Amino acid sequence: MRNPPLALSVAAATAGALVSALEIRSNRRRARQFRFHPRDGDDYRDITELAAGPQRVLENAHSTGIVGIAESARLRHLRIRCEVTPTSYLLGRDLRRWSFDFLARHARTAAMHNALVLGLAADLPTGTDDRVVTLRPAQYFDFFCSNLLAAYDVYEAGRNTLAMRGRDLLLDHRRRLRGFADSRLANVVGVSTLAFTIDGRLLLVAQTRDNVGSPGLIAPSGSGSLEPQDASATPNAPSLQEVVIGGALRELREECHLEPNEIAESTVLGFGRWMSRGGIPEFCTVTLLKVTAEQVLRRTVRWAERPYVGEVLAVHVPPSSEWDPDAPLTLLPAENRHSASWPLAFSLSCLTDCMTDETWPQRAAIAAIVDQ
């Protein structure tokens, strides 16, 4: 095949550049037509009080969420079957209308990339219900343009006309919190773990201000979003617990610079919904390590994690007999409590709940580590 004439190649390249420039200019002009107003003071109390099933509202200085009591109990005691559907999440037309504008404005200030993730497409079973929980592939930008958009109200620029109320994305026709099965949002699954070293220290991660999850706040030892690889690691009918633990441990290894052989065991603690992030599903776990805090702190943050991880901390926690489920942040040093992210507060809340249950299998192992 003969190469096209040079003049034709130059003309084609020039035309492509012109089309791209016109598209960028059009998008910028369109972006000036709307403004996105964050609802920073929204505590979602009217929604959480009407949420289905037994739950506990959990607030910290920065966010609001709920802990699912029945779902958490089921996670700890009974295996939940799950599957990944081949049908990916598709951003609805009403959300696509705002997606480019919303994403473009935040991409200037946040560290993020459009990774493949997994969303929750079905509600979790409670009691003895044995239905299969469905996960579905999505793009990280889908989460950004759906769940994160729900924390904003959209107005037409230059006037007070409300174009979209973000709260409406969370509610059904009865003005109650939507379940995952009929939600229009990506509902990307958040996973976290609290990791304890063999000398009883709790590892924490100080996130950078560019981190989308909890910018500038202190997060669990590992936290992030569930990815397809977490489910494919256990291909033979994986349980939801196995997939969640796999994702939480992957995040832990990446953020705290750990190797697989340095992890002793991990177990699921609980389930919740982070209302300030569009009601996304959150799972938390606890992990026991085979290394000391000093061994971890001597390691540098991996290059790929530096846009997200500021530093790794190792803190002392009180004796387990002093842990109070009504005040989970008291496990942290006083200077760290105000900076705790919601996933950290959620994880500590679930951990202290578990430690009050004398039948919980991991209770003795956790107490032996922290009380030595």
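Modeller: Terms first. Two strands pair if DSSP finds at least two bridges between them. Strands (E, at least two residues) are DSSP runs, numbered from the N terminus. This is a predicted model: local features need pLDDT of at least 70, side-chain atom pairs count only at pLDDT 80 or more, and totals for chains, interfaces and linings use all residues. Residues are numbered from 1 along each chain as its sequence is written, and side-chain values use heavy atoms, with hydrogens and water left out.

Colleague: OK. How many bridges between β1 and β7?
Modeller: Five, in the antiparallel sense, with β7 covering residues 152–156.

Colleague: And which residue in β7 is the bridge partner of F36?
Modeller: V154.

Colleague: What's the strand order in that open sheet?
Modeller: β1-β7-β8, three strands with antiparallel pairing. The edge strands are β1 (34–38) and β8 (162–165), each pairing on one side only. From one strand to the next, the twist averages 20° (axes are lines fitted to C-alpha atoms; angles run from 0 to 180 degrees between N-to-C directions).

Colleague: Are C350 and C354 buried or exposed?
Modeller: C350 is buried, at 2% relative accessible area. C354 is buried too, at 1%. Buried means under 20%, exposed over 50%, partly exposed in between (1.4 Å probe, protein chains only).

Terms used. Helix = DSSP H or I, 4+ residues; strand = E, 2+ residues; numbered from the N terminus.
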